[in-house]
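Subject: Structure handover

Hello,

Please find the structure below. My notes on what was found in it follow.

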Amino acid sequence: MNLILEILCIEKEPASRRLSGKVLFTIREMGLLADVFTISIDQLCSEDDQLWMPLGLNSPMQKVPSIEALSGLIETNFEHMVKMGEQGAESGNVYTSIPIEFYIPYPTLLKFMFFKWGHYFIGTEAYDHFSRWQLPVRMLNLHDKFKQIKNYSQVFYIWDNSLIWSLVGEIEFFHNMYVITTEERDAIRDELKKLLFGLEEYLKGQGSWEMAWCEHMQFYISNLSMGFTCSNAASTDYSMTVFQTNFTFSQIRNSQEAYHKVKEWMKSLQSMSVQISQSARVERRLFFEKQHRVIDTLLH
């Protein structure tokens with residue numbers, strides 16, 4: 001009640017009438033409440049159990065001034081993840097492209113992932129030649145920043161089943177356009193294969209992974225093409241849910257209700273996916289063999 005009084009700048013009696021349903025909230029009042037509680041007006045008005053997330057549309061024609069915008073977003077998310085880890089947290093993640101924590105240790109692959117982002121969303125002449133473009137120092141430091149994320153009790157990943165195939169296609173596209181040389185393409189290929197070998201060893205329990213932020217991570221491959229990325233994490237006092245595609249972005253912070261709804265939703269995605277971690281030896285072997293064939297077939 002006191003928070004409602006403060007946000008809407010009204011007296012106790014009119015606030016009580018609104019909360020009891022005798023008087024309806026105005027659109028302006030709902031907007032103020034939605035902004036403070038980081039929820040959408042749809043969610044405020046909804047009477048069912050669905051989760052309504054705010055949707056931001058990024059125009060395909062809109063160019064970003066520099067790659068600093070992406071760097072800042074990644075650093076901010078890392079900071080939030082570090083804080084949650086300090087309290088003891090858990091996280092679920094669905095990815096349609098390789099998560100940054102997987103390729104941070106591989107310098108050429110790291111450079112390529114940010115280069116292609118700049119090529120698509122910045123589009124200046126600097127992104128016409130891979131060899132001439134230098135990865136900003138700020139991004140090279142992301143490796144150390146991510147390693148500060150620790151003490152998560154549970155972490156699982158669901159990878160889109162076409163993730164590697166899509167990435168290999170992009171590498172080949174840039175090579176065919178003479179943006180990257182054959183030598184650079186081969187260096188990216190070799191690091192991608194090294195990433196997969198290291199991940200397979202880790203999932204078999206036969207090797208360590210320096211970027212692991214949980215003692216035992218669960219790993220799944222979707223049976224269907226997801227086409228989106230979703231990260232959902234929470235600690236005792238903080239939560240963050242992010243949903244995005246190439247041109248849409250949604251984020252809800254500090255809502256345990258939203259976190260638990262997305263968590264349950266992700267459980268249904270797990271049931272539509274194949275687990276390749278822990279004891280899933282056959283499924284794991286088949287998955288990695290297929291990914292290496294994709295890489296070898298296209299990048300030769």
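How many nonpolar, polar and charged residues are in the lining of the largest cavity? The lining has three nonpolar, four polar and two charged residues. Here Ala, Val, Leu, Ile, Met, Phe, Trp, Tyr, Cys and Pro count as nonpolar, Asp, Glu, Lys and Arg as charged, and the others, Gly among them, as polar.

Before the rest, two notes on the source. This is a predicted model, in which local features need pLDDT of at least 70 and side-chain atom pairs count only at pLDDT 80 or more, while totals for chains, interfaces and linings use all residues. Residues are numbered from 1 along each chain as its sequence is written, and side-chain values use heavy atoms, with hydrogens and water left out.

Cavity and pocket

On a 1 Å grid over the protein atoms alone, a cavity is a set of points where a 1.4 Å probe fits but cannot get out. A pocket is an open set with protein on both sides within 12 Å along at least five of seven lines, and lining residues have an atom within 4 Å of a point. Grid points are joined across faces, edges and corners, and a volume is the space filled by probe spheres set on the points.

The count comes to one cavity of 30 Å³ or more. The largest cavity has a volume of about 70 Å³. Its lining consists of Glu90, Ser91, Gly92, Gln154, Phe156, Asn232, Tyr259, Lys263 and Met266. At least two lining residues come from each of β2 (89-95), β3 (152-159) and α12 (256-271). Helices (H or I, at least four residues) and strands (E, at least two) are DSSP runs, numbered from the N terminus.

The second largest pocket holds about 180 Å³ of space. Among the residues that line this pocket are Asn161, Ile221, Ser222, Val274 and Ile276. β4 (218-222) and α13 (281-298) each give at least two lining residues, and α13 has the largest share, five residues. By class, the lining of this pocket has five nonpolar, three polar and two charged residues.

Helix α7 (residues 107-121) and helix α10 (residues 163-176) pack at an angle of about 70°, with axes 12 Å apart. That makes α7 roughly perpendicular to α10 (65 to 115 degrees). Axes are lines fitted to C-alpha atoms, for helices over the stretch in contact, and angles run from 0 to 180 degrees between N-to-C directions. In α7, Phe112, Met113, Phe115, Lys116, His119 and Tyr120 meet Leu167, Glu170, Ile171 and Phe174 in α10, where contact means heavy atoms within 4.5 Å. This contact has seven nonpolar, one polar and two charged residues.

α10 also packs with helix α11 (residues 182-203), at about 165° and with axes 10 Å apart. The two are therefore roughly antiparallel to each other (over 145 degrees). Ile164, Leu167, Val168, Ile171, Glu172 and His175 in α10 meet Thr182, Arg185, Ile188, Leu192 and Leu196 in α11. By class, there are seven nonpolar, two polar and two charged residues in the contact of α10 with α11.

How do α7 and α11 lie, and at what angle do they cross? Their axes come within 8 Å and cross at roughly 110°, and α7 and α11 are therefore roughly perpendicular to each other. Pro107, Thr108, Leu109 and Phe112 in α7 meet Ala187, Ile188, Glu191, Leu192 and Leu195 in α11. The residues of this contact divide into seven nonpolar, one polar and one charged.

Regards

Note on methods: Angles under 35 degrees count as roughly parallel, over 145 as roughly antiparallel, 65 to 115 as roughly perpendicular and the rest as oblique.
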